[in-house]
Amino acid sequence: MSRTLAASVICATAAMGAAGCSDEGSSDQPFEGQSADQVAAKAVTATRNAASLRMAGKVSAEGQPLTVDFHVDTQKNCKGRMSMERGSADVIHAGQATYIKGDEEFWGNAAKGSAGRQKEVRALSGRWVKVPVGDARTTGLCDKQGFLADMDSDKSERKGMTKGDVTTVNGRKAIALKKKKGGESITMYVATEGKPYILKLDQSGGENPGTVVFSDYEKPVKAAPPPAGQVIDATKGDKAAS
């Protein structure tokens, strides 16, 4: 498995979260009397405090397209899917274990450069693989709080945004907070009704263009381990499940 797999999901998307904000905004908009940086700060806080959420979209990871769709919570329960230029995989984190079910292309790409692995790649394809606890290759993959902490790690980056128009994201009203820096354009969409959750992050230009939509706030994550008979337990060195 590629050692950059988990990092790609987090870092590529986190780069879009380095949204800066400041300007006073007009009085006829939501969040009257609050500057864009204040609105964005509240949005980041509300999103981090949410017990669960779904994040789905397409980003660029190390120059390669990466599509993700994960439902995660603060307890690291997680269920989702990721697709890359070469291969795709389903992911479940339940209890203290992470399970990955990739297609042959996914495992083949993960084993790239390893001699004599084709037989093992075929055996893993379409099967759930239980990953050892603490495996550096998947650390952070289902860590909601860690991901959002990365978004908010450099508050100095959240400077220079302006309020845009009110629009809708998945049927919910949202205000756009925009920023341009060099060749990059970043837009954060913040819910104007209820809690000011981040509903969408969009970046064009720069090294990590892409769009991620946030939804299903506070909905339970239905993550359960796959049936034991369908799992190859890499923590025990299994070659195949019975």
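Colleague: Which residue in β10 is the bridge partner of V190?

Modeller: The bridge partner of V190 in β10 is I198. Strands here are DSSP runs of E with at least two residues, helices are runs of H or I with at least four, and both are numbered from the N terminus. This is a predicted model, in which local features need pLDDT of at least 70, side-chain atom pairs count only at pLDDT 80 or more, and totals for chains, interfaces and linings use all residues. Residues are numbered from 1 along each chain as its sequence is written, and side-chain values use heavy atoms, with hydrogens and water left out.

Colleague: What makes β9 and β10 a pair?

Modeller: Two strands pair if DSSP finds at least two bridges between them; β9 (residues 184-191) and β10 (residues 198-204) have six, in the antiparallel sense. With β8 (residues 172-181), β9 pairs over eight bridges, also antiparallel.

Colleague: Why is Y189 called buried?

Modeller: Buried means under 20% relative accessible area, exposed over 50%, and partly exposed in between (1.4 Å probe, protein chains only). Y189 has 17%, and is therefore buried. Six of the eight residues of β9 are buried, so this strand is largely enclosed by the rest of the structure.
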